[in-house]
Amino acid sequence: FERPVRVGDLIEINGILGHVTHINVRRTEIETFQKSEVMIPNSDLVSTVFTNWTHTDRKGRIDINVGVAYGSDTELVRKTLLEAAETVDRILTWPQPDVLFLDFGDSSLNFQLRCFTSDVSSRITTASNLRFEIDRLFREHHIEIPFPQRVLHMAETKPAPAGPDGLPSSTTTGKPEAPPESV
């Protein structure tokens, strides 16, 4: 078949991510990041859609989503996220990192840092290092990452007015009052 994979490629198929270690006549073997060996029939590589993260090169994009408190200086947020990308190893300067202002969320202003790593195989570790650096810089610049807040308003309850018999009126119990009888 046309060789969409080579030994050493990082592939993802059916939710399994790993490096190709062997290609045989009938199957391809991959080693996952948990160090387990997975055997994939070559027919699956021909008939199933899969991702080869390293087919043409080892670069890969990392997206980091982060929300900041309403009232934050959005330009400072942009500069801080770009500063984090500059200081973490394996983040490329080209293509240039970018920051998007995604949305006005329920509890936060939502941003996304997009940057490329030189080695997609280390993207999980690189993304983690990037998050540590963002947290450190946000603290340094006093940029708050909010947590969801909910405001609950409780109705004020008042004692029910007494009816003619001295008991609470039926209008406060939720039962409708009976219509007056005609004479």
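**Reading strands, a patch and a helix**

Student: Which residue in β2 stands opposite Ile 13?
Tutor: Ile 16 in β2 stands opposite Ile 13. Keep in mind that this is a predicted model. The two strands involved are β1, residues 10–13, and β2, residues 16–23; they run antiparallel and are joined by 4 bridges.

Student: What is the strand order in the open sheet?
Tutor: Its 5 strands follow the order β4-β3-β2-β1-β5, with antiparallel pairing. At the edges are β4 (37–41) and β5 (51–52), each of which pairs on one side only.

Student: Now to the surface. Which residues form a nonpolar patch there?
Tutor: Look for Tyr 70, Phe 101 and Phe 104, which together have about 350 Å² of accessible area. Phe 101 lies in strand β7, residues 98–104.

Student: How should I read a helix?
Tutor: An α-helix has 3.6 residues a turn, so residues three or four places apart point the same way. Now take α3: its buried residues are Thr 126, Ala 127, Leu 130, Glu 133, Ile 134, Leu 137 and Phe 138. They cover an arc of only 135° around the axis, so they sit on the same side of α3.

Student: Which residues are exposed on the other side of α3?
Tutor: Ile 124, Phe 132 and Arg 139 are exposed there.

Student: What span should helix α3 have?
Tutor: At 1.5 Å a residue, the 18 residues of α3 (123–140) should span 26 Å, and the end C-alpha atoms are 25 Å apart, which agrees.

How values were computed
Residues numbered from 1 in each chain as written. Predicted model: local features only at pLDDT ≥ 70, side-chain atom pairs only at ≥ 80, totals over all residues. Heavy atoms only, no water. Pairing = 2+ DSSP bridges. Patch = residues over 30% accessible without salt bridge, like charges linked within 9 Å, V, L, I, M, F, W, Y side chains within 5 Å. Areas by Shrake-Rupley, 256 points an atom, 1.4 Å probe, with all protein chains shown as cover. Salt bridge = Lys/Arg side-chain N within 4 Å of Asp/Glu carboxyl O. Expected span 1.5 Å × (residues − 1). Buried < 20%, exposed > 50% of the residue type's maximum accessible area, 1.4 Å probe, protein only. Arc of directions from axis to C-beta.
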